[in-house]
Amino acid sequence: AHADSLGAPTQIYVSHKEPNGQWGKPEKLSDAINSGNIDGNPYVSPTEDGIWFSSSRPGSFGGKDLYFSQKIGGAWTRAVNLGPVVNSAIDEDQPWVNPDGSGTIYYNRGNSFMATQWKDGAFTTPQPFIIPGEDIVGRISFTDGGKEAFFASADPFGKRMRIMRMLRESDGSWSPPTPVD
């Protein structure tokens, strides 16, 4: 869900794949998640019992903040702001949670890509996720349980976009990015 070109409110919907392979009718998530403001860019846990998303609802630290809701007994809990360690005076958006159990959350903060970790009951200080020599455009997408990362990169002159791929090494570091052919 995204705001339209006029900044009109957006909502988060869910659609389930039917046994026949077709997608079911989209259903708006409850008011525990949707606020009537700009709510979007959700990441749903692989077990479908947690959702992280961005929202411009009242009470945020900036334009858009990151929120979390948990599904308990089939119902979503009221979304909670991830707080001032994760959120700032500028927009936070497009969260992705590493499903490896490490508690690492990657997200956009303005024009930077950040990483933080839920550790000992609190978030660590977010650190920029920097890829030397690359100008990341938009969001980084992770696949294979966080072992692969894909992102769009602009050349230094802004004339061409490339899709780049990185692999997580056994020591947890990332390989240098290579273009996807």
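Between which two strands is the loop that holds Asn87?

Asn87 is found in the loop between β7 (80-81) and β8. Strands here are DSSP runs (E, at least two residues), numbered from the N terminus. The model is predicted: local features need pLDDT of at least 70, side-chain atom pairs count only at pLDDT 80 or more, and totals for chains, interfaces and linings use all residues. Residues are numbered from 1 along each chain as its sequence is written, and side-chain values use heavy atoms, with hydrogens and water left out.

With a relative accessible area of 2%, Asn87 is buried. Buried means under 20% relative accessible area, exposed means over 50%, and partly exposed lies in between (1.4 Å probe, protein chains only). A polar atom of the Asn87 side chain lies 2.7 Å from the backbone nitrogen of Leu66. Not counting residues up to four places away in sequence, Asn87 touches Phe61, Asp65, Leu66, Asn81, Leu82, Glu92 and Arg109; contact means heavy atoms within 4.5 Å.

## The nonpolar cores

A nonpolar core is a set of buried Ala, Val, Leu, Ile, Met, Phe, Trp, Tyr and Cys residues joined through side-chain atoms within 4.5 Å. The largest one has 23 residues, and those that touch the most other members are Leu82, Ile105, Tyr106, Phe129, Ile140, Phe142 and Met166. At least two residues of this core come from each of β8 (92-97), β9 (104-109), β10 (112-119), β13 (135-143), β14 (148-154) and β15 (161-167). Apart from it lies another core, of 9 residues, including Ile12, Leu29, Ile51 and Tyr67.

Phe142 touches Trp96, Tyr106, Phe113, Glu148, Ala149 and Trp174, leaving aside residues up to four places away in sequence.

## Strands β14 and β15

Because 6 of the 7 residues of β14 are buried, this strand is largely enclosed by the rest of the structure. β14 and β15 pair in the antiparallel sense over 7 bridges; two strands pair if DSSP finds at least two bridges between them. Phe151 has Met164 in β15 as its bridge partner. In a regular strand the side chains alternate between the two faces of the sheet.

## Aromatic rings

There are 10 aromatic pairs in the structure. Rings of Phe, Tyr and Trp (its six-membered ring) pair if their centres lie within 6.5 Å; planes under 30 degrees apart count as stacked, over 60 as edge-to-face and the rest as tilted. The rings of Trp52 and Phe68 form a tilted pair, because their centres are 4.7 Å apart and their planes stand at 45°. Trp52 belongs to strand β4 (residues 50-55) and Phe68 to strand β5 (residues 65-72), so the pair ties together parts that are 16 residues apart in sequence. Trp52 counts as buried at 15% relative accessibility, while Phe68 counts as partly exposed at 22%.

Ring pairs join Tyr43, Trp52, Phe68, Trp96, Tyr106, Phe113, Phe142 and Trp174 into a cluster. The charged end of Arg57 sits over the ring of Tyr67, 4.7 Å from its centre. For this, NZ of Lys or CZ of Arg must be within 6 Å of the ring centre and within 35 degrees of the ring normal.

## Two positive phi values

Most residues other than glycine have a negative phi. Glu48, in the loop between β3 (39-44) and β4, has a positive phi near 60°. Glu48 is partly exposed, with a relative accessible area of 45%. Gln94 lies in strand β8 and has a positive phi of about 55°. At 16% relative accessibility, Gln94 counts as buried.

Conventions:
Helix = DSSP H or I, 4+ residues; strand = E, 2+ residues; numbered from the N terminus. Polar contact = N/O pair within 3.5 Å; in protein donor to acceptor, adjacent residues only side chain to side chain.
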